[in-house]
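Reader: Please take one part of this model and go through it closely, with the cut-offs stated.

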Amino acid sequence: MASESVAGALAPLKDGLDEDKRALAQMLRELFGCLNISVRRYALRRPLDKGTVSRYLNGSRTPPWSFVVDLMADIAEEGTPVTPEVEEALRELHGRARRAGSARAGAASEVQRLQDRLAEADEEASRGKVHARALTEVLRDRQRQLVELQGKLNRLEKERAEDHCAYERSVIAWRGTYQELREERDRLVHEVDELRGALADAKREVFAAEEHCTELEGQLAEAERRAGEAGVRMGLLEILETTDRTASVPQLVELVTHLTVPGRTATATELVKSAGQARPVAEAAALMAALYGAGHDRQAEAALPALVLVRPAADTAVFIEHFAAAGLDAATATVMKTSLEIHPVADVAAVALGLAAAGEQENVRVYLGAAATVRPLGDVVDLVSLLGRRGARQAVDAALGVCARERPVQEVAELCELLLGHDEQDAITCLERVVAEVRPARDVVDLAALADRFSPVDADFVLAHSVHHRRDQHGYLVALVTALHTVRLRFGPGQLLAQAVRDWGVREVGHLVGALHVAGHWQYAVGVLTEALHAHPVPAAADLLATVDAGLDGGAWAVLADACVVQPPEELAALIALLGACGARAHAERVFWKGLRGRVAGHAVQLVRSLHHDASPLLAPAALEGYARRATADDVVELGCALEGAGQRAAARALLAAAAGRDRAHFLPVLGVLAGRDQRLAEFLVRDVALAESVSGRVNLALVLAALPAGTARYERCLLEALRQADPGEWAEFTRRIKAARKVQKKVGDQVARDGIRRDRRQRRREFVRNVPGFPGRTADRRPEPEAVPGGW
C-alpha cells in the first residue's frame, strides 16, 4: 500500500501541500497515534474505506468534521480525552483547510462544506436533545415535588387557618367574658373600697365606744370606791385599765391567761387590742409573739388586723420583721394579708421599703409577690413605678417574677402593655423572661402572640430566650414547635430551631432531632440534622450522629432516609460529603444509593454530577469497582445511567463491564436491565465484555447472545463488529470455534428433539395399552370378587 507501510505506520506527508491542510493532517496524525491501531482496524471500527482514511491522514483530502468528532470520541474512550483548546484549534484548522479547498473545487467543495455544517448541526442537535431530556426529567421531578409540597402547604395552611380561626373565636369570647368580668371586678372593687371605709369608720366608732365604756367603768369603779367598797378589792375594769398601761409583757400574758375562761374571752381580746395599740411598736410585736408562744393564738389573730389598721405602715414592716425572726409564719401571713387588703399602694411600697432596709429580702419577695398577684393590674403598675423611683429594682424584679409565675398569661400580657405605656421596659423584660423560663410551651406562645400586637420585638424575645434558657428540655421545644403552628408570628418554628442549633451543644441537638422525629415533625428533624452537620466541625458532627444513633429507634438513618426524599440533589451531595468527612461512610453510602433509587433519572444525574464536581470518594475507581462486585444489577444499571447522563461515559462503561464481565449469571441480568434503560450503553457493554474475554469466552458470549430473544440481535452484530476490529488471528480462531460450537449445539438440539419424540411415542403406547378392554392393568375393568356362598361355588 502506498499510503501505509507493512507495520501499519503512516507514510510521510507529500510535498506541495497547502499549509493549512498540512497542519490539519499533522494534528490528525498525532491524534490518531493515540489509538495505537492500524488504519485498517480503524476503518473496520468506523464504517469507512481504508483508502479514504489514509487520504484524510495524508492531507490529500480534507475530512468532514464528523470524522474529526468521531476520532476525538474514540480517543476519549481510550482514557485520554481531547482538551477544549485542542478541539478549538482543530475546528479552526479544518475551517481554513475547507476554505482553501473551496477556491479550487468550486461547487463540490460547497456541497462538502454544507455537509460538514449539517453534521455539526446534527451533533449539536443530538447534544441538545440529551440535555433537553435530562432537563425535562429534572423539571418533571421539580414539578412533582412542587405539587406535593404545595399540597402539603395547602393542608398546613388550612389546618393553621382553622386553628387560627378557633383561636380567634376563643380570644373574642375571652375578651367579651374578660371585659364583663373586669367591669364586675371594678364594681366590686369600688364596693369593697366603700365597705372598707365604712368598716374602718365602724371600727373607729367601736373603738371609741370601747374607750368610752372603759372610761365609764373607771368612773363606776371610782364611785364604788368612794361608796366604801374600796376596802374589799379593786374592780376588774380598773385592774384592766391599770394593767393596759403599766404591766410588762409577761404580766399581760399572765392576765390574758387568767381571762381565757368562758365568759371573759372577749375581755381578753379587747385587752390585747388595747395594749397593742397603746404601746410602742416593738413592745406590741413582742406582746403578740409572747401570746403566740403561750398558745393564745385566737386572741393574737383577732388583734392583729386592728393593729395593722390603726398603726402606721412602718409599724407593719416591724411586725413582719419581728414575727419572721420568731418563726411565726401564721402571724406574718396575717399581717401581710391584712396590709395588702387595706393599705393603699403608697403604704404597700412603704412596707416593702421598710422590710428592704431591715435586710428582709425574702419577706420583701413574698410580700411584693403577693401584692403583684392579688392587687389589680393598675395598682401593680403604680407599685412598680413607685418602687422604681425609690431605687428598689431588685425588689420589683422579685415581685414581677412571682406575678409571671402565678397570674394567667392574658393578665401578664395586659400588664406588659400597661407597663409599656409607663416606659417600664425593664419590668416588661423581667416578666417575659420569667414566663419564657418557667411557664409551659402553650403559655409562652400565647404570651408571644399577645405581645406581638403591641411589641413584635418582645414577642421575638420571649421565644428566643425560651429556646436559649431551656436547652435541656427537648420535649418542651417540641411542644413549642407544635404550638407555633396555631399562631402567626414572625419568629416561626424554622427560626426557633435554627437558634437552637446555634446555641445548643451537639448532644442537646442530637436529642432534639430524635424528639422531633418521634413527635412526627420529621421535616424539622431533617432540617435540624443537616443544619447542625453544616454548622459544627467534623468531630462535633460525629458526636451528633452518635447521639442520634443512640437515642432514636432506627438511629440517624431514620432521619437521613427522609432527607433523601425531600432534599434536592445539590444539598444531598453536600450532605453525603459531610457524612463522609465525619467518618460515617456507611451512612454516606446508604444516602447515596437511596438518592439514586426511587427518583427520576434527572435527579440521579444531578446527584452524580454534583458528587463528581466535589471529587467525592464514592465515585472513585476503587469505589466503583466495589459497587460492581456487591451491588445488584438494578443498582449497577441505575448508577451507570446516571454516570452516562453526567458525562462520565468512561466510568459508566468500566462499572458496567466490571459488574457484567464476571460470568453469565451476572452478565444477563445487567444486560437485561440495561437494555430497557439505554440501548447505546448496552451495546457498549457487549463490546467491552467481548474485548476483555479470551477466544473461548467470546464464543460462549456469542452463543448466549444467540439464545436471547430476537429483539437483541443488535448485540450480536455489535459483538461481531468489535471482534473484527481485534487481531485478525483471533478473529479467525473465533470464527472456527463458533462454527464448531454451533455444530455441537445443533447436534445436541437434534438429539434432544429425537429423545423427546421417543418419549412421546412410549407415553402414547402406554396410554393405548391401558385403555384396551380386559387388560389386567386397566382399572376401569376391575370387578369385585363374588362372595363365597355356603354349600355352593
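Author: Helices here are DSSP runs of H or I with at least four residues, numbered from the N terminus. The model is predicted, with local features needing pLDDT of at least 70 and side-chain atom pairs counting only at pLDDT 80 or more, while totals for chains, interfaces and linings use all residues. Residues are numbered from 1 along each chain as its sequence is written, and side-chain values use heavy atoms, with hydrogens and water left out.

Helix α14 itself covers residues 345-357. At 1.5 Å a residue (times one less than the number of residues), its 13 residues should span 18 Å, which agrees with the 18 Å between its end C-alpha atoms. Val345, Val348, Ala349, Val351, Ala352 and Leu355 of α14 are buried, that is, under 20% relative accessible area with a 1.4 Å probe, protein chains only. Seen down the axis of α14, the buried residues fall within an arc of 160°, so they line one face of the helix; the arc is taken over directions from the helix axis to the C-beta atoms. An α-helix has 3.6 residues a turn, so residues three or four places apart point the same way.

The buried residues of α14 pack against α12 (313-326), α13 (329-342), α15 (361-374) and α16 (377-389), where contact means heavy atoms within 4.5 Å. For the protein as a whole, 40% of the 793 residues count as buried, and there are 38 helices and zero strands, strands being DSSP runs of E with at least two residues.

Notes: Buried < 20%, exposed > 50% of the residue type's maximum accessible area, 1.4 Å probe, protein only.
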